[in-house]
Amino acid sequence: ERKDKYYEFIMRTSPGDNPAVIAEKAKEKLRKRRDLKEGAEDFSIQTFDQALATFTNILMIINGMLILIALISLIVAGVNIMNTMYTSVLERTKEIGIMKAVGARNSQIMQLFMIESGMLGLVGGAIGVVIGLALAEIVMLVAAQAGVTMLKAYFPPYLIIGSLVFSFLIGMVSGIMPAKKASELKPIEALRYE
């Protein structure tokens, strides 16, 4: 509004100068000019390092929230796979009895159900990867339309393969208890089950 009034200004230090020392001197001069006591400043001075530290803290908080959301999603997915596999064991009790009657060992039945639960996890992981890739591409396109060209998504093959392997393993771990229950069924009881 006025030529002699400033809301913000940026300073560049000479090479070799310590920005923190310069910032402290500037703070002191501004306090004297405004006749303010230390700690009662109505202005703030921030160095690049302080701005970077603030930005890093914000990123760490966002990362923490994303990790928490991912853990909750992982637990929910594991419980869903376990529930699906328990239902599968109940629906195929008679088949399990037939397999045991013709000589299938407990370990073979357990492996069969664990591989099936792993495949459920793998399918869920593949769907998640496809949705993640699509969302990243959409964000890149929107950013490009807004003029932000430096935002690029990168999908290395090891990350995609690692995600799929991790999904398979989570599925297998979630299916351990239902697979154990299936393998411990008594053949006669399983054959009688309706």
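A bit of housekeeping before we start. Since the model is predicted, local features need pLDDT of at least 70 and side-chain atom pairs count only at pLDDT 80 or more, while totals for chains, interfaces and linings use all residues. Residues are numbered from 1 along each chain as its sequence is written, and side-chain values use heavy atoms, with hydrogens and water left out.

Let's begin with the helices, which are DSSP runs of H or I with at least four residues, numbered from the N terminus (strands are runs of E with at least two). Two packed helices are described by the angle between their axes and the distance between the axes. Here an axis is a line fitted to C-alpha atoms, for helices over the stretch in contact, and the angle runs from 0 to 180 degrees between N-to-C directions.

Take helix α2 (residues 48–91) and helix α4 (residues 106–145): their axes sit 10 Å apart, at an angle of about 140°. The two are therefore oblique to each other, oblique being whatever is left once angles under 35 degrees are called roughly parallel, over 145 roughly antiparallel and 65 to 115 roughly perpendicular. On the α2 side, I81, T84, M85, S88 and V89 make the contact, and α4 brings F113, E116, S117, L120 and G121; contact here means heavy atoms within 4.5 Å. Sorted by class, that gives five nonpolar, four polar and one charged residues. For the classes, Ala, Val, Leu, Ile, Met, Phe, Trp, Tyr, Cys and Pro are nonpolar, Asp, Glu, Lys and Arg are charged, and the others, Gly among them, are polar.

Helix α2 also packs on helix α5 (residues 157–174), with axes that come within 8 Å and cross at roughly 55°. This pair is therefore oblique too, and its crossing is right-handed. L74, G78, I81 and M82 of α2 meet F166, I170, G171 and S174 of α5. The class count for this contact is five nonpolar, three polar and no charged residues.

Now for the charges. Side chains of opposite charge can pair when their charged atoms come close. There are three salt bridges in the structure, each a side-chain nitrogen of Lys or Arg within 4 Å of a carboxyl oxygen of Asp or Glu. R92 pairs with E116, with the closest N and O atoms 2.9 Å apart. Because R92 lies in the loop between α2 and α3 (93–101) and E116 in helix α4, this pair ties together parts that are 24 residues apart in sequence. R92 also bridges to E95, at 3.8 Å between the closest N and O atoms, so R92, E95 and E116 form a linked network of salt bridges. E184 pairs with K180, at 2.6 Å. E184 is partly exposed at 47% relative accessible area (buried is under 20%, exposed over 50%, partly exposed in between, with a 1.4 Å probe and protein chains only).

Finally, look at I96 in helix α3. At 0% relative accessibility, I96 counts as buried. Leaving out residues up to four places away in sequence, I96 touches V89, I109, F113, A182 and L185.

Conventions:
A crossing is left-handed if the near helix is turned anticlockwise from the far one by less than a right angle, and right-handed if clockwise.
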